[in-house]
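I opened my notebook to look up a few helices and loops. My notes follow in the order I took them.

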Amino acid sequence: MSTLDWLGVVGPYTAFFVMLLVYYVWEGRRERAIRDRFQEENA
Amino acid sequence: MLSGVPAQTGGIAGGAGVWVLGTFAFYLVVLVGIGLWASRFMDSVGDYVIGGREIGPVVTGFSERASEMSGWLTLGVPADAYGTGIMAFLNGLGMIPADLFAWAGIAKRLRKYTELVRSVTLPTFFETRLDDDTGAVKAVSALVLMLFEGGYVGAQIVAAGTLLQVLTGIEPWIGIVAGGVIVIGYTFLGGYFAVAWSDYFQGAIILAAFIVLPVLAFTEMGLPFEAVAAAAGDSATSITAGMAGWAAVFGVISYAAIGLGVPGNPHIMVRFMGIDEVRNVRLAAMVAQLFMFVAYVGAALVGLYAIAMFGDGALADPDNAMPRLTLDLLPGVIAGIVLAAALAAMMSSADSQLLVATSAVVEDVYHGFLDRDASQQELVRYSRYVTFGLGAASVAFAFVAQNTPIYTLVLDYAWGGLGAAIGPTVIAALWWKRVTATGSVASMIVGTATMVLWTQLSTVLGWVGMMPPESAAFWYGLVTVYGLFPAFILSTITLVVVSLLTEPPENVDEHFDAFDKPLSAIVAGEDAAGSSEYVADGGTTVDSATDATDTSPKVLTERDNVRAHVAASGYWTDDD
């Protein structure tokens with residue numbers, strides 16, 4: 001298998017895994033921000 | 001005990017029959033047990049369809065994946081890898097990111113909004129969100145669901161029947177009938193609650209199967225790529241299967257376009273509606289995505305190891321690649337469990353799809369049009385009748401379509417049709433204030449028609465002598481590309497253009513408030529105002545002719561139940 005073929009196999013899955021991690025962290029922060037804002041508005 | 005079990009090298013069924021059948025029997029007993037157990041907790045249509053919104057994140061994540069995996073993943077993707085080589089890894093190229101986008105952009109909004117309007121089905125969600133009092137959106141979407149989900153169920157039963165036939169040597173029609181009885185049986189018993197929990201169980205087995213098989217093969221022969229190249233030629237170890245230029249471009253597009261089906265497939269969307277708490281969406285997404293990584297890589301590796309072990313073209317039916325590898329590598333008991341996982345995936349998909357088709361008939365057609373005052377008990381009873389009726393029809397369809405390849409059957413006539421018809425409306429309803437009911441109906445019709453016609457395009461062009469030759473790479477690639485690609489694009493363009501030419505609903509800003517606020521804030525506002533600002537298909541409705549308010553409960557959840565659920569969830573008050 002050429003380097004290009006290896007990249008074609010491994011590249012997308014690596015990119016998707018990074019995307020998943022970014023989503024997980026970003027979504028957690030977003031939720032916390034919304035919750036904080038809601039609590040402030042109701043304080 | 002295991003040492004006394006013969007290795008399964010003497011044929012597809014070989015001496016494993018008793019062990020394989022024993023595993024199946026055990027599996028069915030567990031399945032029926034789950035159904036019976038779940039049926040004790042079920043007393044509303046909401047329970048029947050989305051598990052009363054009490055399904056936790058890990059179970060939701062697993063079942064979201066297991067419900068979609070089906071015979072397509074367990075037999076189809078290994079068969080695809082057996083036929084095309086490493087390009088089969090691209091089956092995840094569109095699916096994995098599309099699923100992540102669905103969790104990120106659809107799951108929470110859909111979960112919040114459908115609870116607020118007491119909706120448990122996509123057609124009811126569309127009707128409420130698009131403020132459609134003509135019933136056109138609900139009717140057309142319910143029709144699309146009945147058509148393609150029914151076809152889906154039939155396809156899964158074909159796959160289950162094929163597997164049963166391969167393993168036991170029984171006649172195909174017996175396998176189809178047995179598959180149908182299993183699917184109808186436990187869907188009938190427990191509805192979504194049973195489905196979600198048994199999907200969890202099945203998902204775990206599938207995951208284990210796609211880990212164990214490649215690992216065992218690896219310990220025997222190392223990485224498969226050199227052996228694959230030696231057996232099937234260099235194209236099998238090319239990421240474009242040896243294609244270049246436009247042929248490669250359209251080949252990659254076809255794989256990527258599979259992901260466009262995610263938002264339009266209600267058996268996935270219904271998982272988003274059924275999760276217990278909105279904040280658990282993040283964890284469920286992580287579980288579902290990790291599941292996909294393992295499953296797609298594992299399934300492709302199974303097909304590649306089948307090439308390495310049996311040789312290219314040695315299997316008369318490529319769908320046998322996965323069961324053959326299983327029987328060759330594993331002792332009988334373990335092989336039986338792994339193959340039960342394959343059957344489980346098919347059952348899992350079929351019962352989810354059967355439930356979605358059932359809810360389209362009972363909720364959207366019967367309860368929505370024929371008898372708006374039907375009681376919960378009546379609706380649950382009718383749900384069971386309809387599940388039985390649609391299941392029987394799907395068995396009949398499976399019998400007729402039993403010789404069509406499962407991979408094609410699922411992608412072209414079920415997955416793709418739903419993706420093209422429903423997907424653009426799901427996304428637009430949650431993200432675009434300007435979308436209208438007329439635009440949605442037009443999009444569904446165009447998406448359905450394009451998907452069906454594009455699938456037949458090369459055949460029709462061949463008949464009239466206008467099929468482009470392979471040397472005309474662009475046109476040939478365009479005609480033979482996976483139909484969901486053009487169908488989704490045309491459906492989306494139709495949705496946008498027709499929506500811009502028609503008037504959007506007036507209260508759309510209020511609808512979108514629901515997406516950006518915690519549930520408890522909206523319910524608290526509702527309390528202060530003394531009445532709901534939302535059109536509640538399950539709560540109060542106003543007769544426009546008489547301006548009289550009908551306060552009788554309509555669908556599944558009383559307003560108090562929604563309040564109680566939000567209060568009990570502690571979503572916005574817990575520290576984490």
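I began with terms for helix packing. Axes are lines fitted to C-alpha atoms, for helices over the stretch in contact, and angles run from 0 to 180 degrees between N-to-C directions. Helices (H or I, at least four residues) and strands (E, at least two) are DSSP runs, numbered from the N terminus.

I noted the source next. This is a predicted model, where local features need pLDDT of at least 70, side-chain atom pairs count only at pLDDT 80 or more, and totals for chains, interfaces and linings use all residues. Residues are numbered from 1 along each chain as its sequence is written, while chains are lettered from A and ligands numbered from 1 in the order in which they are written.

I looked up α4(B) and α9(B). Their axes come within 6 Å and cross at roughly 40°. Which residues of α4(B) meet α9(B)? I found B:Asn91, B:Leu93 and B:Gly94 in α4(B), meeting B:Tyr255, B:Ala256 and B:Ala257 in α9(B). Contact here means that the C-beta atoms of two residues, placed from the backbone, lie within 7 Å. The residues of this contact divide into four nonpolar, two polar and no charged. Ala, Val, Leu, Ile, Met, Phe, Trp, Tyr, Cys and Pro count as nonpolar, Asp, Glu, Lys and Arg as charged, and the others, Gly among them, as polar.

**Entry: along α9(B)**

Helix α9 of chain B covers residues 245-257, 13 residues. From first C-alpha to last it reaches 18 Å, close to the 18 Å expected at 1.5 Å a residue (1.5 Å times one less than the number of residues). Which of its residues are buried? I listed B:Phe250, B:Gly251, B:Ser254, B:Tyr255, B:Ala256 and B:Ala257. Buried means 20 or more other C-beta atoms within 10 Å of the residue's own, exposed means 12 or fewer, and partly exposed is in between, with C-beta atoms placed from the backbone. The buried residues of α9(B) pack against α4 (91-116), α17 (473-480) and α18 (484-501) of chain B.

I then checked B:Ile253, also in helix α9 of chain B. B:Ile253 is partly exposed because 16 other C-beta atoms lie within 10 Å. B:Ile253 touches B:Val481 and B:Phe485, not counting residues up to four places away in sequence.

**Entry: two loop residues**

Phi of B:Ala241 is near 55°, a positive value in a residue other than glycine. B:Ala241 lies in the loop between α8 (225-232) and α9 of chain B. Phi of B:Asp131 is also positive, near 50°. B:Asp131 sits in the loop between α5 (122-129) and α6 (136-168) of chain B. Why does B:Asp131 count as partly exposed? B:Asp131 has 16 C-beta neighbours inside 10 Å, so I wrote down partly exposed.

**Entry: the wider view**

Chain B has 21 helices and two strands. Buried residues make up 58% of its 576 residues. The largest nonpolar core has 158 residues (a set of buried Ala, Val, Leu, Ile, Met, Phe, Trp, Tyr and Cys residues joined through C-beta atoms within 7 Å). Its largest share, 19 residues, comes from helix α11 (residues 281-310) of chain B. Last, I looked at the two chains: 19 residues of chain A are in contact with 22 residues of chain B.
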